[in-house]
Amino acid sequence: MPSLIYSHIQLYRSAMNLLYAGGYRQRFQHVIDLLGAVPTASVCDLCFGDTVIADWCAAHDVRWTGVDINPHFCARARRRGYRVIEGDLLSVDLPASDAFVMAGSLYHFNDRLPALFDAVWQRSSRWILSEPVRNLSSSGGVVGRWARRSANPGDRHAAFRFNEESLLEMLRDQQRRHGFTCRVVSSDRDMLVVMERPGADGRAGGPALESHR
Ligand SMILES: C[S@@+](CC[C@H](N)C(=O)[O-])C[C@H]1O[C@@H](n2cnc3c(N)ncnc32)[C@H](O)[C@@H]1O
């Protein structure tokens, strides 16, 4: 069964606003700013949860497809008229898209990262990733325990979290496998990363992975 905060979008938003001190929507805005920076006709939003990016896409004539395993979040997005693929994103047929985005969800795939990177690069040449690297889940005590146990999409608790160092190390590993370029745009509570592989359109990637500092 999904954890309580994954059972209703308002509960989820409230919890995230607590964790982000009111700045929950801002993390989507960072992704949206990057999406809007280059011509993009189609977006696949992995583990979308909320529909903030979908709303922006609809307003900008960008074809949006969301993928999520959570039936509550999927039903809500469908009711709003959005195209949704419900299921484990490593078991579904991902749509080829100009850009993939994933916000606050990579930690759910910690034990399946090679398969995730394989799946994305088969379908796109651009991937915008926003991932928490400083979070309550890494702290001890009751709060840390709550944060770790609150992230259950229905299949299992996701207790693992990245920090800045482990995320960079993982990205370097995947770069060696796939040869994509990777730019760290910012790193605060979340690390914001743009990965690109030169695509059929000849669009080049950014510089090799380096710290944003
Ligand atoms: C922390 S939420 C992030 C939601 C949203 N992207 C955001 O930034 O707020 C993680 C999302 O990943 C989804 N999820 C977790 N494991 C998944 C899987 N194996 N396949 C598809 N979605 C998954 C959950 O249902 C949830 O909506």
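Over the ring of which residue does the charged end of arginine 189 sit? The ring belongs to tyrosine 20, with the charged end 5.5 Å from its centre. A charge counts as over a ring if NZ of Lys or CZ of Arg is within 6 Å of the ring centre and within 35 degrees of the ring normal.

Some housekeeping. This is a predicted model, where local features need pLDDT of at least 70 and side-chain atom pairs count only at pLDDT 80 or more, while totals for chains, interfaces and linings use all residues. Residues are numbered from 1 along each chain as its sequence is written, and side-chain values use heavy atoms, leaving out hydrogens and water.

Next, the aromatic rings. The whole structure holds 12 aromatic pairs; rings of Phe, Tyr and Trp (its six-membered ring) pair if their centres lie within 6.5 Å, and planes under 30 degrees apart count as stacked, over 60 as edge-to-face and the rest as tilted.

Now the ligand. One of its oxygen atoms is 2.5 Å from a side-chain N or O atom of tyrosine 12. For aspartate 88, a side-chain N or O atom lies 3.0 Å from a ligand nitrogen.

Tyrosine 12 also belongs to an aromatic cluster with Tyr6, Tyr24, Phe28 and Phe73. Over the ring of phenylalanine 28 sits the charged end of arginine 27, 6.0 Å from the ring centre.

Definitions and conventions. Polar contact = N/O pair within 3.5 Å; in protein donor to acceptor, adjacent residues only side chain to side chain.
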